[in-house]
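Keep the 3D view open as you read.

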Amino acid sequence: DWSSDVCSSDLNAYNVAAARGSGGRLVAFIGLNPLDPGALDELAYWVSQGGVTGVKLHCANSGVDFTKPEHVARLRAVFAAAAEAKLALVVHLRNSPQYGAAEARLFLQQVLPAAGDSPVQIAHGAGWGGLDAGTLDALEVFVEAMRDGAPGTQRLVVDVAMVTLGEETP
């Protein structure tokens, strides 16, 4: 039983119910828009219900703009709340065609530390599924940070699930 007054997403309810009914074969990640005023309430609701393994965030779909401090603060707040609840995080970080190293550094410095001991997965090689200069620049920032043992990178993984179309890349 979930209340649409508290929880805005039928999809989250479906995911949690499917995981609960799967006999352990599925785990539930709830999807949140960190900019939604009810995001932290929805996260708290699902934590109180149990059966949630993690949180999935999609910065482009959510309209996250890394040049806006209030957007970064809201993303950081979701990371902190997920960490407090001991939930994993998956984030589709790329938010615009102009995305690259600067956004990756900002994420590493201002958002990732809020995850504490929670595992964090950066989806699609820090891009949005393809391979271009912005994705490569961001990916290099993450590789360097992880190699150097930067704070917050101990539980960070970057998946490299990508599709390359058109011109070949080195």
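## The sheet

Two strands count as paired if DSSP finds at least two bridges between them. Helices (H or I, at least four residues) and strands (E, at least two) are DSSP runs, numbered from the N terminus. Here, five strands make an open sheet with parallel pairing, in the order β1-β2-β3-β4-β5. β1 (28-32) and β5 (156-158) are the edge strands, each with a single partner, so one side of each has no neighbour in the sheet. On average, neighbouring strands of the sheet are turned by 25° against each other, direction ignored; the axes behind this angle are lines fitted to C-alpha atoms.

Look next at strand β4 (residues 120-122), which pairs with β5 in the parallel sense over three bridges. V120 sits opposite L156 in β5.

## About the model

This is a predicted model, in which local features need pLDDT of at least 70 and side-chain atom pairs count only at pLDDT 80 or more, while totals for chains, interfaces and linings use all residues. Residues are numbered from 1 along each chain as its sequence is written, and side-chain values use heavy atoms, leaving out hydrogens and water.

## Aromatic pairs

How many aromatic pairs does the structure hold? There are three, where a pair means rings of Phe, Tyr or Trp (its six-membered ring) with centres within 6.5 Å; planes under 30 degrees apart are stacked, over 60 edge-to-face, and the rest tilted. The ring centres of Y45 and W46 are 4.9 Å apart and their planes lie at 80°, so this pair is edge-to-face. Both Y45 and W46 are buried (under 20% relative accessible area with a 1.4 Å probe, protein chains only; exposed is over 50%, partly exposed in between).

F79 and F107 are also edge-to-face, because their ring centres are 5.6 Å apart with planes at 75°. This pair links distant parts of the chain, with F79 in helix α4 (residues 69-84) and F107 in helix α5 (residues 101-111), 28 residues apart. F79 is buried at a relative accessible area of 0%, and F107 is buried at 0% too. Together with F142, F79 and F107 form one aromatic cluster.

## A buried glutamate

Finally, find E42 in helix α2 (residues 39-49). What is the nearest side chain of opposite charge to E42? It is R74, 11 Å away, and buried E42 has no salt bridge (a side-chain nitrogen of Lys or Arg within 4 Å of a carboxyl oxygen of Asp or Glu). For charge, Lys and Arg count as positive and Asp and Glu as negative, with His and the chain ends not counted.

How values were computed: Axes are lines fitted to C-alpha atoms, for helices over the stretch in contact, and angles run from 0 to 180 degrees between N-to-C directions.
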